[in-house]
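Hi,

Here is the structure I promised to pass on.

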Amino acid sequence: MSGYDASAAARVVVGVSGSLGSVTALRRATALARRLGAELWPVLAWEPPGGDPAARRSPAAGLLIEDWQRLARQRLTAVLDEIFGGDAPGVPMHALVVRGAPGPALVATADREDDVLVVGAGRRGLQRAFSGRVCRHCLAHAVCPVLAVPPSPLESELMSVHRRYTWHLRMDIRGL
């Protein structure tokens, strides 16, 4: 996807992985595309396990590439079905599966100045130091505006419940 086509419709490109952060970003991107009258481009980027260097070293990797591509398409379809159900999102949508690291794949897809790139901003607090690479890459390298969507408040509540469960701590279920 390269080259600028001035006659093409505006696009809202959004990174989708199935994580809670990407689901929040997809919902925000859909609302933005409706407001702007733009096309929605959900993008799922994938790499072979161990990355491309490992795939080049393995003689069997060539046989598995098609399977990994198919699994990526199925994952994107499952996420879109879960979010939109059987309904259309209300805007033209072009779902795309791209082979490559998520940050560079999203930047390469949102290659026009009038695109808007929407990404999940990652986690809050100490965990942010170990996550958010995709968001940082997109903010640093995109040629279009980037909307970094903060995590949903529900995500932090779910993480809190998960931590309490993992450490076998008592939970007050009255607030749930």
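**Cysteines, a helix and a patch**

Let's start with C135, which counts as buried because its relative accessibility is 4%. Keep in mind that this is a predicted model, so everything here is computed from it.

A disulfide is a covalent bond between the sulfur atoms of two cysteines. How many does a search of the whole structure find? The search comes back with zero. For C135, the closest cysteine sulfur belongs to C138 and sits 7.0 Å away, which is too far for a bond. C144 is in no disulfide either: the nearest cysteine sulfur, again that of C138, is 8.6 Å off. Like C135, C144 is buried, with a relative accessible area of 8%.

Next, helix α1. It runs over residues 20-36, 17 residues in total, and reaches 24 Å from its first C-alpha to its last, close to the 24 Å expected at 1.5 Å a residue. Which of its residues are buried? They are G21, S22, V23, A25, L26, A29, T30, L32 and A33. As a reminder, residues three or four places apart in an α-helix point the same way, because there are 3.6 residues a turn. Just past the end of α1, G37 takes a positive phi of about 70 degrees.

Finally, the surface. L20, L154 and L158 make a nonpolar patch of about 280 Å². Of these, L154 lies in helix α6 (residues 153-166) and is exposed, with a relative accessible area of 51%.

Cheers

Technical notes:
Residues numbered from 1 in each chain as written. Predicted model: local features only at pLDDT ≥ 70, side-chain atom pairs only at ≥ 80, totals over all residues. Heavy atoms only, no water. Helix = DSSP H or I, 4+ residues; strand = E, 2+ residues; numbered from the N terminus. Expected span 1.5 Å × (residues − 1). Buried < 20%, exposed > 50% of the residue type's maximum accessible area, 1.4 Å probe, protein only. Disulfide = S-S within 2.5 Å. Patch = residues over 30% accessible without salt bridge, like charges linked within 9 Å, V, L, I, M, F, W, Y side chains within 5 Å. Areas by Shrake-Rupley, 256 points an atom, 1.4 Å probe, with all protein chains shown as cover. Salt bridge = Lys/Arg side-chain N within 4 Å of Asp/Glu carboxyl O.
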